[in-house]
Amino acid sequence: MITIAIVEDEEAYAKQLTEYIEQYQQESGKRFRVIRFTDGDEIVEKYTGEYDIILMDIQMQFMDGMTAAEEIRKFDTKVVIMFITNMTNYAIRGYEVDAMDYVLKPVTYFSFARKLERAISRIPQKTGKPVKVNTPDGVVRIDAGDVYYIESEGHNLIYHTSNGTLKERAKMQDAAGKFEPLGFFRSNKGYLVNLEYVEGVKDGCCTIQGEALLISRARKNDFMTALAQYMGEH
């Protein structure tokens, strides 16, 4: 099922978009779940990272669509954003937030269906490893496959990912429960490493992205066994 957020303050346009999605659903056989927001600040404040596509009006009362998109991109780099507007002069700014396209008002079904089909093709392929991280700024949706390793720092966890670092107030034990079934191994009490990114093991440490991460003596044999098994399966 594809989840679409409609962010539109005009009731008539929101209703029309919903009807178009329902029509496309009947014609294509694809299944959709539609969630409606009436302003940019509403989706940003309640952002959960569950959307595949966002249909975003640009001109809204409290937070315009471009600003909302900029805020969303801080949390979610994968969601497909498509603007709904009657102004084409936002195209350059759209590139800054990686907007896929524009639907010009008044919206016709034929044009909308073609752009929706293109948006669907842009949805990142699911790897089966989606994880939500509760950062101080809100919930961020990440793919476990993008995480190099997780580091314990006081009462926080630092996620070292291909898109930078994220901080979550949580215990390593909780992260281990979520990530170990996804190919991670706890090399010591302070590190949970993604076995996919282990470049080598030397002097009691495993190397990931040039960083030497300590393997505790008590866990070394189990770590090497898990690493060998992972490499054999992949």
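Visitor: Which element gives the largest share of the lining of the second largest pocket?

Guide: In this predicted model, strand β7 gives the largest share of that lining, with four residues.

Visitor: Which elements give two or more residues to the lining of the second largest pocket?

Guide: Those elements are α3 (65-75), β7 (138-143) and β10 (164-169). The lining of the second largest pocket counts 15 residues, and Phe-75, Val-140, Ile-142, Asn-163 and Leu-166 are the ones that lie nearest its centre.

Visitor: Let us turn to the open sheet. In what order do its five strands stand?

Guide: The order is β2-β1-β3-β4-β5, and the strands pair in parallel.

Visitor: Why is one side of β2 and of β5 left without a neighbour in the sheet?

Guide: β2 (32-37) and β5 (101-104) stand at the edges and have a single partner strand each, so one side of each has no neighbour in the sheet.

Visitor: By how many degrees are neighbouring strands of this sheet turned against each other?

Guide: With direction ignored, the average is 20 degrees.

Visitor: Which helix packs on the sheet and touches β1?

Guide: Helix α1, residues 11-28, packs there and touches β1, β2, β3 and β4 (80-85). The direction of α1 makes about 175 degrees with that of β2. As for α3, this element lies across β3, β4 and β5 and runs at about 150 degrees to β3.

Visitor: How many bridges join β1 to β3?

Guide: Four bridges join β1 (residues 2-7) to β3 (residues 53-57), and the two strands run parallel. Val-7 stands opposite Met-56 in β3.

Visitor: A new topic: what do β13 and β14 form?

Guide: β13 and β14 form a hairpin with two residues between them, and Asp-203 in the turn has a positive phi of about 55 degrees. Three bridges join β13 (residues 200-202) to β14 (residues 205-208), and these strands run antiparallel. Val-201 stands opposite Cys-206 in β14.

Visitor: Do β14 and β15 run parallel or antiparallel?

Guide: They run antiparallel, with four bridges joining β14 to β15 (residues 211-214). Ile-208 stands opposite Glu-211 in β15.

Visitor: Which residue takes a positive phi in the hairpin of β14 and β15?

Guide: Gln-209 does, with a phi near 50 degrees, and this hairpin has two residues between the strands.

Terms used. Residues numbered from 1 in each chain as written. Predicted model: local features only at pLDDT ≥ 70, side-chain atom pairs only at ≥ 80, totals over all residues. Heavy atoms only, no water. 1 Å grid on protein atoms, 1.4 Å probe; cavity = no way out; pocket = protein on both sides within 12 Å on 5 of 7 lines; lining within 4 Å. Pairing = 2+ DSSP bridges. Axes fitted to C-alpha atoms, helices over the stretch in contact; angles between N-to-C directions. Contact = heavy atoms within 4.5 Å.
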